[in-house]
Amino acid sequence: MFSHTPIGVTVSPDAAQSRRPPPASATSRTLGLTGLCLGTALIIMEANVINVAIPVIRADLHASLAGGLWAIDAYTLVFAALLLSAGRLGDRIGARRGYLTGLGLFAVASIACTVAPNTGLLVLGRACQGLGAALLAPAPLTLITRIFTVPAERTRAVSAWVSVGGIGFVIGPFIGGLLVDTLGWRSIFLLNVPVAAATGWLVARYVAEVPPQRVSFDIRGQALAIVGLAAMVWALVESSVAGWFDPAVLTALVGGTATLVVFVAAQHSWARDGRQVLLPPAIIAARPVLAGLLGGATYNFTLYGMLIVYTFNFQQLRGYSALQTGSAFLPLTVAATLASAFLGARFITAFGPRTGLATGMTLSAIGLAPLTIASAPYPLIAAGFCVFSIGMGLSAPSQTLAVMTFAPDRHQNMGSSALNTARQTGGAIGVALLGAVVATDPDRGTLAAIAIAIGMCLIAAATALRLIPREIARPGTSRCSELEPLHDGQT
């Protein structure tokens with residue numbers, strides 16, 4: 001069975017030649033990486049580009065408050081629920097083919113969202129976008145490790161890929177606000193089509209295919225994951241209308257949680273029986289990987305949740321237009337761009353993923369502190385955005401390197417899918433929970449929602465310090481930057 005070369009591992013020239021095509025030129029590798037980065041930025045941006053348009057969409061389509069939240073979360077929910085199976089499908093048909101298939105579906109679904117005549121069809125189109133994103137998302141990290149075989153180059157490429165994806169997310173509100181106030185909300189989805197076409201051309205032209213593998217699917221595990229996550233998100237979204245103590249909301253919340261517990265237990269049981277599972281227990285048995293997964297979930301929970309909270313704050317409490325709301329998030333974008341370009345990779349290379357994740361999450365918690373005050377002056381909010389973004393710029397690549405460094409070799413591809421799943425699951429729950437908390441009362445809800453986000457960041461920081469080793473060095477070295485995967489969770 002084919003397995004791509006893990007981060008930090010070297011192979012003999014003969015072995016490398018038998019497993020890889022001849023190396024591409026530097027220009028081809030750069031263009032290929034550009035295509036992979038653009039696709040990732042596109043699907044990540046789609047998670048929040050619609051946020052600032054929700055008041056306009058609700059008015060145009062006569063949607064309820066819950067309908068507006070579903071227009072945001074249908075995308076992220078399907079994205080999260082299907083990522084693990086989509087990763088297996090990518091293994092089966094080839095990572096590049098999976099990427100291009102997902103990109104094409106995403107583009108077609110974007111056209112459907114553009115012409116949607118009512119909320120139900122818009123939510124359905126968003127769900128189909130999420131399916132396309134799930135097919136696309138697992139492939140880039142696998143393809144990058146094939147394109148860049150030198151560990152230092154690979155680390156820089158992974159950092160660039162993660163950073164561009166993060167920038168795509170935080171720039172979403174500004175692009176969304178600009179399009180809503182100039183061309184209307186439907187242009188948000190129409191813009192995806194030419195970008196997807198250019199991205200597809202770059203990947204098809206400059207990225208080589210990865211040989212497919214014989215893999216099977218865990219249909220029962222996938223069904224449990226879908227039911228559990230969908231029930232939880234439904235309960236959180238509907239609580240914005242029905243209240244937290246509504247019997248249907250409580251039943252769905254308890255039932256969804258119980259189903260996810262059954263899912264995890266079943267994965268362990270089936271794996272012991274030698275069956276194919278969605279989430280191999282060896283992945284989460286590696287304690288540093290577990291810390292990276294929690295960091296990934298917290299990253300999107302906090303980022304997605306904070307953006308929906310302050311979209312409500314800017315538009316309902318401060319009376320901002322869509323463009324003004326998008327512009328108000330620009331400090332977040334600028335700080336994230338600078339942190340990604342000049343700080344993230346250098347910091348992690350010098351200090352390793354343990355310090356990077358702990359420091360990043362702590363800084364994000366500090367940046368969120370002034371955001372707990374719903375009526376705080378905007379300059380204070382902007383300063384909080386900047387500190388928060390610097391923290392995110394450190395924690396994002398740290399999560400990726402922690403997972404890909406410590407995941408067992410035989411599960412490296414699934415480690416990538418598990419990290420993406422953790423991130424998108426965190427985002428879906430963040431939008432649903434924090435959005436529900438703030439939707440009915442933006443003033444008092446802001447304090448409660450941001451306090452929850454701060455608590456999550458501090459838990460993730462403490463977990464990183466506890467579970468990720470201080471140094472990971474090959475024999476004869478002492479630099480924590482020379483990362484090497486350890487097998488079966490050993491530290």
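Buried means under 20% relative accessible area, exposed means over 50%, and partly exposed lies in between, as found with a 1.4 Å probe on protein chains only. The views below come from a predicted model, in which local features need pLDDT of at least 70 and side-chain atom pairs count only at pLDDT 80 or more, while totals for chains, interfaces and linings use all residues. Residues are numbered from 1 along each chain as its sequence is written, and side-chain values use heavy atoms, with hydrogens and water left out.

View 1. A disulfide is taken here as a pair of cysteine sulfur atoms within 2.5 Å, and the structure holds 0 of them. The sulfur of Cys457 is 16 Å from the nearest cysteine sulfur, that of Cys386, and Cys457 is buried, with a relative accessible area of 0%. For Cys128 the closest cysteine sulfur is in Cys113, and the 8.0 Å between them is too far for a bond. Cys128 counts as partly exposed, because its relative accessibility is 30%.

**View 2. Helices α5 and α6.** Helices (H or I, at least four residues) and strands (E, at least two) are DSSP runs numbered from the N terminus. Helix α5 (residues 95-114) packs on helix α6 (residues 119-136) at an angle of about 165 degrees, with 7 Å between their axes. Axes are lines fitted to C-alpha atoms, for helices over the stretch in contact, and angles run from 0 to 180 degrees between N-to-C directions. Angles under 35 degrees count as roughly parallel, over 145 as roughly antiparallel, 65 to 115 as roughly perpendicular and the rest as oblique, and α5 and α6 are therefore roughly antiparallel. Contact means heavy atoms within 4.5 Å; among the residues that meet are Gly98, Leu105 and Cys113 in α5, and Leu122, Cys128 and Leu136 in α6.

**View 3. The largest nonpolar core and helix α14.** A nonpolar core is a set of buried Ala, Val, Leu, Ile, Met, Phe, Trp, Tyr and Cys residues joined through side-chain atoms within 4.5 Å. The largest such core has 132 residues, of which Leu122, Leu303, Met306, Tyr310, Leu368 and Phe385 touch the most other members. Helix α14 (residues 287-317) gives the largest share of this core, 15 residues. Apart from residues up to four places away in sequence, Leu303 touches Phe169, Val170 and Phe388. Helix α16 (residues 330-368) packs with α14 at an angle of about 165 degrees, their axes being 15 Å apart, so α14 and α16 are roughly antiparallel to each other. Where these helices meet, the residues include Gly295, Tyr299 and Met306 in α14, together with Leu332, Met361 and Leu368 in α16.

**View 4. Met45 in helix α2.** Met45 lies in helix α2 (residues 26-45) and is buried, with a relative accessible area of 11%. Leaving aside neighbours within four places in sequence, Met45 is in contact with Gly168, Phe169, Ile171, Gly172 and Ile175. The C-alpha atoms of Met45 and Pro173 are 8.6 Å apart, although 128 residues separate the two in sequence.

**View 5. His62 in a loop.** His62 is found in the loop between α3 (54-61) and α4 (65-93), where its relative accessible area of 71% makes it exposed. Phi of His62 is near 55 degrees, a positive value in a residue other than glycine. Most residues other than glycine have a negative phi.
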